[in-house]
Each structure stands twice: as structure tokens, then as C-alpha cells.
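Colleague: I've got a new model open and could use a hand reading it. Can we go through it feature by feature?

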Amino acid sequence: QVQLVESGGGLVQPGGSLRLSCAASGSILSIYTMGWYRQAPGKQRELVAAISRGGSTNYADSMKGRFTISRDNAKNTMYLQMNSLSPEDTAVYYCNADVMLVTSSRRDYWGQGTQVTVSS
């Protein structure tokens, strides 16, 4: 099995910054695409950004220029640097990973989520 553990969420003032981390552990052979999603109260979960194993990135339009996704393949860890945060960014942020297990099966995993609250 694989565990994804997010960290770095919290309360920040408008205009501030946060850096989220997602660490994957378990029976991992390789991790393909990893991504950050978020879900605000009363809204559907939406893609924030995704990154391939090779480093190609994809951002939701509203995050472009403010958020930066990155990963360290050696550590099976992904990051999300969030700048210029606004109250509209308040949500639970989830980590997602497309994982090839040591058993040669491939599965999609989610983390438990980390709360980001932007408020003065």
C-alpha cells in the first residue's frame, strides 16, 4: 500500500504565502503524475496543478503565476509554493499520485488533505 501525507497548511493573511508538501511512502516502484487538488466548502474538488515524473507542469488558469508545483523524485515528495494568496484560495488541499507499485500494479492514491485558510 501507499500513503500520501500532506503538510504545510494553515492560516495565512491575504497576500501571504504557504508551501505545501506531499510525501509518498510504501510499496512504491515509481510515481508518474502527481497533482494538487482543492475543495472549498460547497464546491467540487478542482485541479490546482499537476506535474509529470519528468517535470512537465499543468496549472489551473487561476493559479498560473501565483502557484508553483515541483517534485523531488528521489524523495517521492511533491511541493506547492503558493504566493499572493486570497480568501478565494481557502480550501482543503489534497495530494494525488499515480503510482506503480512493486507488485507491478498501478493505482491512484489520495492524501487526507490539509486545510489552507486565507483570512485577515
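Colleague: Let's start with the cysteines: what is the torsion about the S-S bond of Cys22 and Cys95, and is the disulfide left-handed or right-handed?

Modeller: A disulfide here is a pair of cysteine sulfur atoms within 2.5 Å. Cys22 and Cys95 qualify, with their sulfurs 1.9 Å apart. The torsion about their S-S bond is about -65°, so the disulfide is left-handed. Cys22 sits in strand β3 (residues 18-26) and Cys95 in strand β9 (residues 91-101), so the pair ties together parts that are 73 residues apart in sequence. A search of the whole structure turns up 1 disulfide.

Colleague: Before I trust that, what kind of model is it, and how are residues numbered?

Modeller: It's a predicted model: local features need pLDDT of at least 70, side-chain atom pairs count only at pLDDT 80 or more, and totals for chains, interfaces and linings use all residues. Residues are numbered from 1 along each chain as its sequence is written, and side-chain values use heavy atoms, with hydrogens and water left out.

Colleague: Is Cys22 buried or exposed?

Modeller: Go by relative accessible area: buried means under 20%, exposed over 50%, partly exposed in between (1.4 Å probe, protein chains only). Cys22 is buried, at 0%, and Cys95 is buried with a value of 0% too. For contrast, take Gly54, in the loop between β5 (46-51) and β6 (57-59): Gly54 is exposed, at 75%. Of the 120 residues of the protein chain, 43% count as buried.

Colleague: How many helices and strands does the protein chain have?

Modeller: Helices (H or I, at least four residues) and strands (E, at least two) are DSSP runs, numbered from the N terminus. The count here is 0 helices and 11 strands.

Colleague: And in what order do the 4 strands of the open sheet run?

Modeller: Two strands pair if DSSP finds at least two bridges between them. The order is β1-β3-β8-β7, with antiparallel pairing. At the edges stand β1 (2-7) and β7 (67-72), each with a single partner strand, so one side of each is left without a neighbour in the sheet. Inside that order, β3 and β8 (residues 77-82) pair over 6 bridges, antiparallel, and Leu20 stands opposite Leu80 in β8.

Colleague: Last one: what does the C-alpha trace of the protein chain span along its principal axes?

Modeller: About 50 × 25 × 25 Å.
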